[in-house]
Amino acid sequence: MKIWLGVLVAVSSYLLDMSLISANSNDLQSLIDATEEGGVLTLQEGEYKGNFLIQKSMVIIANGHVVITSEQVNEPLFRIEDSQNVSLKGLELISSGTAIKVNRVKNIELSNLVLHKVFSGIEVYDSKNVEINHVSVNGKGHHPSNSGNGIAIFTSTDITVENSHMNGVQDGVYIEGVKNIIVTGNEVVNSRYGNHFMYSENATIVNNRFTKNVTGLMIMMANEIYVESNDISDQDGFNGTGITLYDTKVVEVQNNTIAGNKIGLTIQKTANVRALSNTFQMNQTAVESTNSENSNLLANNVFIGNIVNCRTDEIGLNLKNNYYDDYTGIDIDGDGIGDEPYVALQSFGQWMVRKPVYQYYVESPSVVLLNQLDQQANRGSQTLLVDQSPLTNKNIKQYKEWHLNHWQLSIGIALLVLCLIIWRRSVLT
Amino acid sequence: MKWKLVLVVGLLMILAACSSKEPRDINSATDVCEVCNMSVSSEEHAAQIVMDNGDYTVFDDLGCLMEFMMDADASEIGGAFVKDASENKWLNIEKATYVYSEGNWTPMNYGVLAFDSKKSAENWIEKEGMGKLLSYDDLQGFEWGVHH
């Protein structure tokens with residue numbers, strides 16, 4: 001009786017899902033071709049080789065550890081074209097060229113993918129309703145200028161990129177000519193730009209982490225950009241910048257932690273930027289504005305541990321209600337706002353940005369005197385680098401914890417002891 | 001006496017080399033566009049200006065160089081160069097021939113490529129099946145920006 005029951009269940013399952021094909025063959029293209037429109041192709045655990053074309057509605061899903069390796073370098077491993085409702089799930093792809101190229105597809109989901117040693121991870125062109133989530137892209141380990149992008153999306157609409165990780169690529173997420181995009185929960189490290197937006201509209205960039213790139217977030221010629229709660233830290237290389245806004249309009253940068261960068265936020269040729277409630281911590285220069293309009297506002301931010309808080313070419317930056325760790329004024333009425341304005345202008349800071357070697361003179365008596373003179377001379381100024389209502393209490397929502405580098409500390413102590421020994425011997429002899 | 005003459009001539013040659021107005025190689029790891037701040041990652045689209053005092057200013061896209069030149073003091077510019085789209089060499093921007101097409105990818109998407117001769121540019125247009133021929137003078141009035 002039990003045997004008959006088992007057979008009945010098996011036949012029922014088969015009839016309920018006629019579209020399910022179990023694949024254990026290496027001839028993946030034949031399996032794709034054999035899958036009916038709208039069907040599900042389940043790949044059994046194993047290794048597959050080749051370059052494949054999908055031109056129909058279908059789902060490819062891994063059952064176990066499925067590894068697919070490209071055979072032709074100049075061809076994408078997967079080409080998905082002129083179709084709709086396509087999903088790839090749970091695959092590991094190895095290709096020295098492009099892993100997945102999508103052209104003119106509506107409704108596509110790429111999820112739980114691992115892309116190894118790729119020149120370029122995913123490229124999407126002229127598509128709509130694209131969801132990319134839990135994708136890991138690892139470049140070949142070349143310099144970013146010799147790599148492709150992790151995820152690149154061109155002239156498409158309604159895009160979501162979430163919970164993905166990109167390492168060692170040119171731009172983690174490159175967006176060009178895209179309308180309506182959400183980038184959330186991603187991490188990009190060791191690349192050129194974490195996210196790179198060009199000619200795009202209506203983008204939301206939330207809860208991402210960009211670290212150890214040339215620039216964390218590069219936004220150019222784009223409109224209506226909302227940047228919130230991202231950790232943009234340690235872009236401390238030769239040209240390292242946390243966020244660059246170039247020729248961009250209507251940008252809101254809010255509640256982000258921007259720490260340890262050479263320049264935290266660069267605003268160029270840009271209007272209507274509102275940077276609110278961010279933490280600028282331990283950057284060489286926290287905010288730099290050039291050639292921008294007067295409509296840019298920095299309010300309720302915390303500036304702590306930066307060498308230079310703000311620098312500008314005299315126009316384009318309004319400061320209001322920010323906390324500055326080097327503010328020396330007092331708050332007699334206790335309303336949390338300093339009774340004297342804060343002057344962000346620092347002549348020495350400006351020089352130091354141009355000649356980094358000057359940082360060795362920070363806090364030397366002459367520099368302290370110069371900063372005091374700046375404060376006194378510009379207090380009554382109405383230039384845009386004066387905050388008339390600085391906060392006296394820091395309300396830090398996000399704070400970057402600093403970890404001691406024990407290795408560097410040990411070397412430093414050893415060198416110090418060595419110097420002391422040499423000095424003692426030279427004194428005694 | 002002769003060796004002194006050789007020494008002087010040698011020194012003069014070294015000095016002449018130091019003040020050369022020749023373009024330099026791009027270092028994609030460190031070079032950043034003077035106008036838009038982007039890394040000069042795509043060397044085949046790079047451009048540069050050699051200032052009269054020997055300083056170099058590099059650009060990721062020909063459009064950025066043209067924007068810089070609009071505001072620059074012409075008397076301070078020693079030479080301006082752009083990379084040839086068909087082979088790895090620098091071209092003087094005044095002597096190059098250009099092809100614009102919306103489909104030409106360049107780092108800032110200005111879509112203008114440079115060629116060493118009109119013939120090369122025409123060959124490229126014929127091969128790609130798209131593009132409009134431009135001269136250096138045409139670039140002065142060209143609308144650099146979004147062409148999508």
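Between chain B and chain A there is 1 salt bridge. The model is predicted.

**Polar and charged links**
- The salt bridge joins the side chains of Lys269(A) and Glu67(B), at 2.8 Å from N to O.
- On the side of chain B that touches chain A, 10 residues are nonpolar, 8 are polar and 1 is charged.
- Polar contacts between chain B and chain A come to 7 residue pairs, with both residues at pLDDT 80 or more.

**Extent of the contact**
- Chain A contributes 20 residues to the contact, and chain B contributes 19 residues.
- About 1600 Å² is buried between chain B and chain A. Carbon and sulfur atoms give 52% of that area.
- In chain B, the residues that lose the most area to chain A are Asn37(B), Met38(B) and Ser41(B). Together they account for 26% of what the chain B side buries.

**Ile159(A) in chain A**
- Ile159(A) lies in strand S10 of chain A, which covers residues 157-162.
- Ile159(A) counts as buried because its relative accessibility is 1%, and the cut-off for buried is under 20%.
- Beyond its neighbours within four places in sequence, Ile159(A) is in contact with Val130(A), Ile153(A) and Val178(A), and also with Asn180(A), Ile181(A) and Ile182(A).
- Ser127(A) is 32 residues from Ile159(A) along the chain, and 9.0 Å separates their C-alpha atoms.

Technical notes
Residues are numbered from 1 along each chain as its sequence is written. Chains are lettered from A and ligands numbered from 1 in the order in which they are written. This is a predicted model: local features need pLDDT of at least 70, side-chain atom pairs count only at pLDDT 80 or more; totals for chains, interfaces and linings use all residues. Side-chain values use heavy atoms; hydrogens and water are left out. Contact means heavy atoms within 4.5 Å. Buried area is the accessible area (1.4 Å probe) that two parts lose on being put together, summed over both. A salt bridge is a side-chain nitrogen of Lys or Arg within 4 Å of a carboxyl oxygen of Asp or Glu. A polar contact is a pair of N or O atoms within 3.5 Å; within protein, one must be able to donate a hydrogen and the other to accept it, and residues adjacent in sequence count only if both atoms are side-chain atoms. Ala, Val, Leu, Ile, Met, Phe, Trp, Tyr, Cys and Pro count as nonpolar, Asp, Glu, Lys and Arg as charged, and the others, Gly among them, as polar. Helices (H or I, at least four residues) and strands (E, at least two) are DSSP runs, numbered from the N terminus. Buried means under 20% relative accessible area, exposed over 50%, partly exposed in between (1.4 Å probe, protein chains only).
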